[in-house]
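User: I would like to learn how to read salt bridges and helix packing from a model. Can we work through one case together?

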Amino acid sequence: MTQTRSKSRIAYDWIRERIESGRFSPGYRLVLDAVAKQIGVSTVPVREAIRLLEAEGLVTFERNIGAQVAFMHEQEYLYTMQTLALVEGAATALSAPRVTGDHIARARAINDQMAESLEAFDPHRFTELNRAFHTVLFEECPNPHVVDLVHRGWKRLTVLRDSVFGFVPGRARESVDEHEALLRLIEAGETPLTVELAARDHRLGTLNAVLAYQADRRRHATSGSGR
């Protein structure tokens, strides 16, 4: 029993580290045989580890699908994204008059990397680039309190779950296109309000895509339970 518990702890630590680092993104399927083979143990301790992670809310188990890396609590995500849409939109608008051609070039180069990454999509890497892109656009915001609120929002998202693009990969392409549209508004010298609303709508677009995904999952779960 001691040896089994030790191996289950190894499996637990191995899986949890990959969830927290983003290597196993939301929706990633945890196939017992595959995980056991990578760790070098049988499926029994892996199954025990997954049960522990399920109890902690990091893993979900669904019939006909199996174990998956869990998404964050939907209500918390909703509140965090709504708040971030407001403060990041404001920070981007306040920063816009101070954005130079160099800022635009840096942001566009990052967005180009995001577009290129769509071919071999890595949700964790895409999220890193996404954060870098937006940082360039709001880093000149003269109000440090607003900037602090933006960083807090990003940190809160990381705690909830590193990336949502594993759930809604189609949103990644839309995000790249919206980034370019936002850059063009700033380049054209549009009013701060126009920039703020565009940045806010961009953030809410991701929120809406995730909420639609969650609603679709619930519909499928309901129809499946009724069979």
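This is a predicted model: local features need pLDDT of at least 70, side-chain atom pairs count only at pLDDT 80 or more; totals for chains, interfaces and linings use all residues.

User: How many salt bridges does the structure hold?

Analyst: It holds 15 salt bridges. We will look at some of them.

User: How do I read one within a helix?

Analyst: Start with spacing. An α-helix has 3.6 residues a turn, so residues three or four places apart point the same way. Now the case here. Glu128 and Arg125 both belong to helix H6, residues 123-138, and sit three residues apart, about one turn of the helix. Their side chains form a salt bridge, at 3.6 Å from N to O.

User: Are Glu128 and Arg125 buried, exposed or partly exposed?

Analyst: Glu128 is partly exposed at 40% relative accessibility. Arg125 is also partly exposed, at 37%.

User: What about Glu180 and Arg184 in helix H8?

Analyst: Those two are four residues apart, about one turn of the helix. They form a salt bridge, with the closest N and O atoms 2.9 Å apart. Glu180 is buried, because its relative accessible area is 18% and the cut-off for buried is under 20%. Arg184 is exposed at 54%, since exposed means over 50%. Salt bridges with shared partners join Arg108, Glu180, Arg184 and Glu187 into one network.

User: Where in the chain do Glu187 and Arg108 lie?

Analyst: First the bond itself. Glu187 and Arg108 form a salt bridge, and their closest N and O atoms are 3.1 Å apart. This pair links distant parts of the chain. Glu187 is in helix H8, residues 170-187, and Arg108 is in helix H5, residues 101-117. They are 79 residues apart. Both ends are partly exposed: Glu187 has a relative accessible area of 46%, and Arg108 has 23%.

User: Which residues of H8 are buried?

Analyst: They are Arg171, Ala172, Ser175, Val176, His179, Glu180, Leu182, Leu183 and Ile186. Look past the helix too. Gly189 follows H8, and its phi is positive, near 75 degrees.

User: How do I describe two packed helices?

Analyst: Two packed helices are described by the angle between their axes and the distance between the axes. Here, H5 and H6 pack at about 165 degrees, with axes 9 Å apart. That angle makes H5 roughly antiparallel to H6, because angles over 145 degrees count as roughly antiparallel. H5 passes H6 in a left-handed crossing.

User: Which residues make the contact between H5 and H6?

Analyst: From H5, they are His103, Arg106, Ala107, Ile110, Asn111, Gln113, Met114 and Ser117. From H6, they are Arg125, Phe126, Leu129, Asn130, Ala132, Phe133, Val136 and Leu137.

User: Let us zoom in on Asn130. Is Asn130 buried or exposed?

Analyst: Asn130 lies in helix H6. It is buried, with a relative accessible area of 4%.

User: Which residues does Asn130 touch?

Analyst: Leave aside residues up to four places away in sequence. Asn130 then touches Met114, Trp154, Ser175, His179 and Arg203. Met114 is among the H5 residues in the contact with H6. Ser175 and His179 are among the buried residues of H8.

Methods:
Residues are numbered from 1 along each chain as its sequence is written. Side-chain values use heavy atoms; hydrogens and water are left out. A salt bridge is a side-chain nitrogen of Lys or Arg within 4 Å of a carboxyl oxygen of Asp or Glu. Buried means under 20% relative accessible area, exposed over 50%, partly exposed in between (1.4 Å probe, protein chains only). Axes are lines fitted to C-alpha atoms, for helices over the stretch in contact, and angles run from 0 to 180 degrees between N-to-C directions. Angles under 35 degrees count as roughly parallel, over 145 as roughly antiparallel, 65 to 115 as roughly perpendicular and the rest as oblique. A crossing is left-handed if the near helix is turned anticlockwise from the far one by less than a right angle, and right-handed if clockwise. Contact means heavy atoms within 4.5 Å.
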